[in-house]
Amino acid sequence: MTAHDLPVIAAVDGSSHSWEALDWAALEAVRRSLPLLIVHVRPPTRRTDEAVQLAQAQELLGRAERRISDLAPALPTSTLAPQDFPSAALVSLSRDASMVVVGSRGLGGFRSLLIGSNSLATASMAQCPVVVVHSGRTDEDEVEAAETFPDVAAGVAADESSEAVLEFAFDAAASRPGARLRLVHGWTMFSSMLSGGPVLDRAAAAESARRTLMELTAGWTEKYPQVEVVREPVSGSASRTLVTASATAALTVVGRRKGGESLGLGLSPVAQTTVTHALGPVAVVPC
């Protein structure tokens, strides 16, 4: 199996959030011509309870398969019910996946939390992109919602770490007819100084940021001429712009460094804020 054939993994646990994530994953698999693997992770339990747990898992996965049969009848679909801690199982499976799709919260989540711990841990440690689908914004008819919100937004850093983000974002926009790609790049006078740019002239720093964004994305616009690109250099953190954009975007894309950053789990402050507060699906791409 080549990298272009790796499945889209959808994690389900029976919560409304996971059903929305499953629908999103199925339609994304169709857009990318990839198979779908539906995963329900069974938590570790006493051996005497294992048969009951497995039967419940099979019933849940059967419901998921029937749901996808109605939504995308021609989509190649398989199921898996590993026994492990949810984030650990999904991180392990991510080594052989094109992406992992999770709901923002599962059955065990506290209602006061904006994103569940398993979703956050998976997004922070997976080996492939992870899409966190926030509940409540999309229609029951996900196809109609995708047509209503066609654009893709992406946060672009001023270094080589943006290459994986740009590849994923351009692919996502190209697979959505009529979608624009909004490329958001946050800059400050301090970041301008660190990069050897203007220090005291704010207008010059803004122009430098604009040129940087043009240079970072020039090759990608040549590779994807069909994608309309909107470049947005933003003074300050990009996270506020990305969260706002997520309300009317089909997908918002952010990156994370594989080696880990601040906040303990590998997400930068921009990625952490965007994943936590977004109003639509967010893809976290390891760079």
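How many Å² does the accessible surface of the protein come to, and what percentage of it belongs to carbon and sulfur atoms? The surface comes to about 13,600 Å², with 54% belonging to carbon and sulfur atoms; areas come from the Shrake-Rupley method with a 1.4 Å probe, and for residues only the protein chains shown count as cover.

This is a predicted model, in which local features need pLDDT of at least 70 and side-chain atom pairs count only at pLDDT 80 or more, while totals for chains, interfaces and linings use all residues. Residues are numbered from 1 along each chain as its sequence is written, and side-chain values use heavy atoms, with hydrogens and water left out.

**Figure 1. The whole protein, as a starting point.** Ten helices and ten strands make up the secondary structure of the protein; helices (H or I, at least four residues) and strands (E, at least two) are DSSP runs, numbered from the N terminus. Of the 287 residues, 48% count as buried, where buried means under 20% relative accessible area, exposed over 50% and partly exposed in between (1.4 Å probe, protein chains only). Among contacts with a separation of 6 or more, 76% come from residues 24 or more positions apart, a contact being heavy atoms within 4.5 Å.

**Figure 2. An aromatic cluster of F170, W220 and Y224**. Searching the whole structure turns up three aromatic pairs. Rings of Phe, Tyr and Trp (its six-membered ring) pair if their centres lie within 6.5 Å, and planes under 30 degrees apart count as stacked, over 60 as edge-to-face and the rest as tilted. F170 and W220 have ring centres 6.1 Å apart and planes at 20°, so this pair is stacked. Because F170 lies in helix 6 (residues 162-174) and W220 in helix 8 (residues 202-223), the pair ties together parts that are 50 residues apart in sequence. F170 also meets Y224: with centres 5.3 Å apart and planes at 25°, that pair is stacked. Y224 sits in the loop between helix 8 and strand 8 (228-235), 54 residues from F170. F170 counts as buried at 0% relative accessibility, Y224 counts as buried at 9%, and W220 is buried too.

**Figure 3. R32 over the face of F168**. Here R32 lies 4.8 Å from the ring centre of F168. A charge sits over a ring if NZ of Lys or CZ of Arg is within 6 Å of the ring centre and within 35 degrees of the ring normal.

Figure 4. Strand 5 (residues 130-133) runs antiparallel to strand 10, joined by three bridges, with V130 opposite V284. Strand 9 (residues 251-256) runs parallel to strand 10 through five bridges, and G255 stands opposite V285. Two strands pair if DSSP finds at least two bridges between them.

**Figure 5. The buried residues of helix 10 (residues 269-277)**. Look here for A271, T274, V275 and T276, which are buried. Their cover includes strand 5, helix 9 (239-246), strand 9 and strand 10.

**Figure 6. Helix 2 (residues 50-71) and its packing**. At 1.5 Å a residue, the 22 residues of helix 2 should span 32 Å, and the end C-alpha atoms are 31 Å apart, which agrees; the expected span is 1.5 Å times one less than the number of residues. Its buried residues, among them Q53, A57, L60 and I68, pack against helix 1 (16-32), strand 2 (36-39) and strand 3 (77-80).
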